[in-house]
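This note collects numbered points on the architecture of the model shown below. Each point takes up one element or one group of elements.

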Amino acid sequence: MKLQSLNKGYAIRTLSPKPNGSAKLKIPKTIRSCATKQDLRGQSVAIIGLGKSGRAAARLALARGASVLAFDQNPNFGLLEQDPIFGRLGNDNGGLRTILGQFDGELLDNADRVVVSPGVPLQNYGLSSLLQLGKQVMSELDFAAEILPKSIKILAVTGTNGKSTVVTFAGQMLSHFGIETFVGGNLGSPLSEAAFQCLQPHSLKPKFKVAVVEVSSYQMEIPNKCFCPSVAVVLNLTPDHLERHRTMRDYAVTKCRLFLHMTDAKLGLLCFGNQYLNEAIMESMNELNLAWIGATPGVKIDMEAKMASFEVPALGVNSQLQLGAMNTIGIHNYHNAAVAALSVVGLNVGLDIEDIGPSIEKLRAPPHRMQIVCKDIHGVTWVDDSKATNVEATYAGLMGLKRQKSLILLGGLAKVLDGQKSNGFEQLIEPLKYHRCVITFGSSGTLIQKTLSENGLSIPCIRAVNLKGAVSWARRMAEHGDTIVLSPGCASFDEFRNFEHRGMFFQELAFSSC
């Protein structure tokens, strides 16, 4: 292990890969809280965006003793002060006020701090200007981390694809050994929920030993000051969310902010060979033990042998893990399980690679990630991969289905690519050749069909108007033993609220055949 000096005067403790390694609110009263630590008593907190993360942050702010002004541009949201969840925090709601739609910007100027939900771009609400003026503007993630007990070890996972599955697998591994674990963040429960639970009077000791946190790039647009993982992972980086990040360079820099406050006692895992990430990691301001996904020191996966090899001298790790017992669909999940295993070992909670072996067969992928829905009366298996919201995620799923003749449903709202004229679907020509047919649907369905046809697709490609129509075509064309796979490669917003809504709609259609 050597200390490698990098540009800009920063340094990262790197494990070099071997050459062949493959603004105050005028609110008079504060809600009385059940929290034992009201560190924000007398302060005002503005919460921007009232989705799941914003609501959790608002409840946490109240529990910390603050008065809260909650904003959302959607005029159809319900008022938080009318929600029993917030009312139970105290008998007096004078410390909570919800403002929907348009608002007076002076209200933010007068707040002691502003907490921003991940779904809110910094261009909205004048947030960029507030940051430039030195206002205390922070992410929901950082707001939660500020109050989490320091004894809780954080495993943070980001990347364009696979992060939900790696987080889920890591949580399952830890739970298998009886280690109290919070699993959430961008997946499931926001980190503010974990922080809120740790503030309850009965929490004489931390409720969790480990927090496994999925982190999106949106959650790191505002550089964090308190969120400091014990293990941080950047799985991969491919074009996505560029309507917000603009360029791949900016996207990579945002992802690598996960490493900003880590020290040499902590482990960073970075995918090997990505130019954008290699350049972005130079902006990390501290020393850290950096290992690789796909090279050594780090973890390498032999897909054919279903074996992961680990070599990380800084952790004293040099071993192998057999992955053949996994019951999840798709060989890409061998990769996800191996990364999860090394991440768990890096937490230093008393587990080594050999310990993790028995948990492999118990791993289950999260919903809408190559999820087997059912096998119908005609012998056709239905698989929900609605979480595949970009081409790379669909590609990974298809590569794991080479031995299973399938009907692939592609469509929705195609993503913006960085400086490219192509929509990227030509990348799927090779893995699609193993399957029965493609059915496209949604607002980008015609474009996807055209791209595939012009690039030499060798199997039939049918165009449906919407997902329901695509499923109808798939039912008619499927043969006994086939698999119908929803792996859209697109966002869902042309027809659905989110990928979960799309996946549940697909599952309902599947169950009607089972």
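1. Axes here are lines fitted to C-alpha atoms, for helices over the stretch in contact, and angles run from 0 to 180 degrees between N-to-C directions. Helices (H or I, at least four residues) and strands (E, at least two) are DSSP runs, numbered from the N terminus. With these terms, helix α6 (residues 163-176) and helix α11 (residues 332-346) have axes that come within 8 Å and cross at roughly 55 degrees. The pair is therefore oblique, given that angles under 35 degrees count as roughly parallel, over 145 as roughly antiparallel, 65 to 115 as roughly perpendicular and the rest as oblique. The crossing of α6 and α11 is right-handed; a crossing has this hand if the near helix is turned clockwise from the far one by less than a right angle, and is left-handed if anticlockwise. Contact means heavy atoms within 4.5 Å. Among the residues of α6 that meet α11 are Phe-169 and Met-173, and the α11 side includes Asn-336, Ala-340 and Val-344.

2. On provenance, this is a predicted model, in which local features need pLDDT of at least 70 and side-chain atom pairs count only at pLDDT 80 or more, while totals for chains, interfaces and linings use all residues. Residues are numbered from 1 along each chain as its sequence is written, and side-chain values use heavy atoms, with hydrogens and water left out.

3. The protein chain contains 17 helices and 22 strands. Of its 514 residues, 56% are buried, where buried means under 20% relative accessible area, exposed over 50% and partly exposed in between (1.4 Å probe, protein chains only). The accessible surface of the chain is about 21100 Å², and carbon and sulfur atoms account for 50% of that surface; the areas come from the Shrake-Rupley method with a 1.4 Å probe, and for residues only the protein chains shown count as cover.

4. Five bridges link strand β4 (residues 67-72) to β5, with Ala-70 opposite Thr-98.

5. The contacting residues include Ala-56 and Leu-60 in α1, and Ala-195 and Phe-196 in α7.

6. A second open sheet, of six strands, has the order β17-β18-β22-β19-β20-β21 and mixed pairing. Because β17 (371-375) and β21 (461-463) each have a single partner strand, one side of each is left without a neighbour in the sheet. The twist averages 20 degrees from one strand to the next. Strands β19 (residues 406-411) and β20 (residues 437-441) run parallel and are joined by five bridges, with Leu-407 opposite Cys-437. Helix α17 (residues 499-511) packs on this sheet, touching β17, β18 (381-384), β19 and β22 (483-486), and its direction makes about 20 degrees with that of β17.

7. Ser-386 lies in the loop between β18 and α13 (391-399). The residue is buried, with a relative accessible area of 0%. Beyond its neighbours within four places in sequence, Ser-386 contacts His-368, Leu-486, Pro-488, Phe-499, Arg-502 and Gly-503.

8. Phe-310 is the bridge partner of Val-299 and stands opposite Ser-319 in β16. Phe-310 belongs to the covered face of β15, with Ala-308 and Val-312, whereas Met-307, Ser-309 and Glu-311 form the uncovered face. Each hairpin has four residues between its strands: in that of β14 and β15, Lys-306 takes a positive phi near 55 degrees, and in that of β15 and β16, Gly-316 takes a positive phi near 70 degrees.

Technical notes: Two strands pair if DSSP finds at least two bridges between them.
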